[in-house]
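Subject: Structure handover

Hello,

Here is the structure I said I would pass on. My notes on it follow below.

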Amino acid sequence: MFEPKEMLVPTSLWSSRGLKGIHNLARSEPASMGPAVYRLYVVEIDDPRGHVPYSFYVGHTKQEVEDRVQEHQEGGLRSARIFKREGVSPGSIRYDLFDGLPRYRCKACAENAEGRLARVIEAQAGRAKSDMTDNRKKGAVRPCEGRVASEGATG
Ligand SMILES: [Zn+2]
């Protein structure tokens with residue numbers, strides 16, 4: 001089967017080191033870890049009264065993106081904190097900012113990629129919110145779970 005060498009770039013972004021890192025991360029996950037189930041997504045932040053300094057929310061999910069965004073919309077337990085603020089809700093899903101990006105086999109890589117995508121979007125499209133770029137989680141990027149397992153096996 002023909003495999004394109006060039007990475008897929010979402011239509012509203014341009015090729016960058018950050019995007020290459022997002023693709024390389026997926027490529028370096030061992031196939032033995034099973035199917036790549038985590039996908040990234042981007043949704044606009046609908047904030048007519050300007051409560052938050054962000055235009056986009058970047059996340060990752062095992063669910064269908066539309067279902068995950070619906071959970072944010074409902075504002076329940078699984079809604080991101082930013083969407084629990086009064087007057088702040090998810091807007092349009094921005095496929096043009098994530099379609100073509102790879103999926104991940106483990107949560108650690110999905111989190112890592114999410115933070116990278118948030119930084120790419122900040123550089124190319126506008127202010128982006130991700131749990132992975134919060135102060136709380138800065139520097140808390142975990143290595144691929146498959147890599148941890150194989151290193152553990154050799155000591
Ligand atoms: Zn991984």
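Which residue of strand 4 does Phe56 stand opposite? Phe56 stands opposite Ala128 in strand 4. The rest of this message puts that pair in its setting.

Two remarks on reading the notes. The model is a predicted one, in which local features need pLDDT of at least 70 and side-chain atom pairs count only at pLDDT 80 or more, while totals for chains, interfaces and linings use all residues. Residue numbers start from 1 along each chain, as its sequence is written.

Overall make-up

The protein chain has four helices and four strands. Here helices (H or I, at least four residues) and strands (E, at least two) are DSSP runs, numbered from the N terminus. Along the sequence the pattern is α-β-β-α-β-α-β-α. Of the 155 residues in the protein chain, 32% count as buried. A residue is called buried if 20 or more other C-beta atoms lie within 10 Å of its own, exposed if 12 or fewer, and partly exposed in between, with C-beta atoms placed from the backbone. Of the contacts between residues at least 6 apart in sequence, 70% join residues at least 24 apart. A contact requires the C-beta atoms of two residues, placed from the backbone, to lie within 7 Å.

The four strands of an open sheet come in the order 3-1-2-4, with mixed pairing. Strand 3 (89-93) and strand 4 (128-129) are at the edges, each with a single partner strand, so one side of each has no neighbour in the sheet. Two strands are said to pair if DSSP finds at least two bridges between them.

- Strand 1 and strand 3 run antiparallel and are joined by three bridges; Ile45 has Pro90 in strand 3 as its bridge partner.
- Strand 1 and strand 2 are paired in the antiparallel sense over six bridges. Leu40 has His60 in strand 2 as its bridge partner, and Val43 has Tyr57 in strand 2.
- Strand 2 and strand 4 are paired in the parallel sense over two bridges.

Six of the eight residues of strand 1 are buried, so strand 1 is largely enclosed by the rest of the structure. Strand 2 is also largely enclosed, because five of its six residues are buried.

Helix 2

Helix 2 (residues 65-74) lies across strand 1, strand 2 and strand 3, and runs at about 155° to strand 3. For such angles, axes are lines fitted to C-alpha atoms, for helices over the stretch in contact, and the angles run from 0 to 180 degrees between N-to-C directions. Which residues of helix 2 are buried? Arg68, Val69 and His72 are. They cover an arc of only 95° around the axis, which puts them on the same side of helix 2; the arc is that of the directions from the helix axis to the C-beta atoms. Strand 1, strand 2 and strand 3 are among what covers these buried residues. Glu66, Asp67 and Glu74, on the other side of helix 2, are exposed. Just after helix 2, Gly75 has a positive phi of about 75°.

Helix 3 lies across strand 1, strand 2 and strand 4, at about 160° to strand 2. Of its 18 residues, 13 are buried, so to speak mostly covered. The end C-alpha atoms of helix 3 are 25 Å apart, which agrees with the 26 Å that 18 residues should span at 1.5 Å a residue; the expected span is 1.5 Å times one less than the number of residues. Just after helix 3, Gly126 takes a positive phi of about 155°.

The largest nonpolar core has 32 residues, and Val42, Val58, Leu117 and Ile121 have the most contacts inside it. The elements giving two or more residues to this core are helix 1 (17-27), strand 1 (39-46), strand 2 (56-61) and helix 3 (107-124). Helix 3 gives the most, with eight residues. A nonpolar core is a set of buried Ala, Val, Leu, Ile, Met, Phe, Trp, Tyr and Cys residues joined through C-beta atoms within 7 Å.

Leaving out residues up to four places away in sequence, Ile121 touches Val42, Phe56, Val58, Leu97, Gly126 and Ala128. The pair from the opening question, Phe56 and Ala128, is included there.

Ala108 is in helix 3 and is buried, with 20 other C-beta atoms within 10 Å. Ala108 and Glu145 are 37 residues apart in sequence and 6.5 Å apart in space, C-alpha to C-alpha.

Regards
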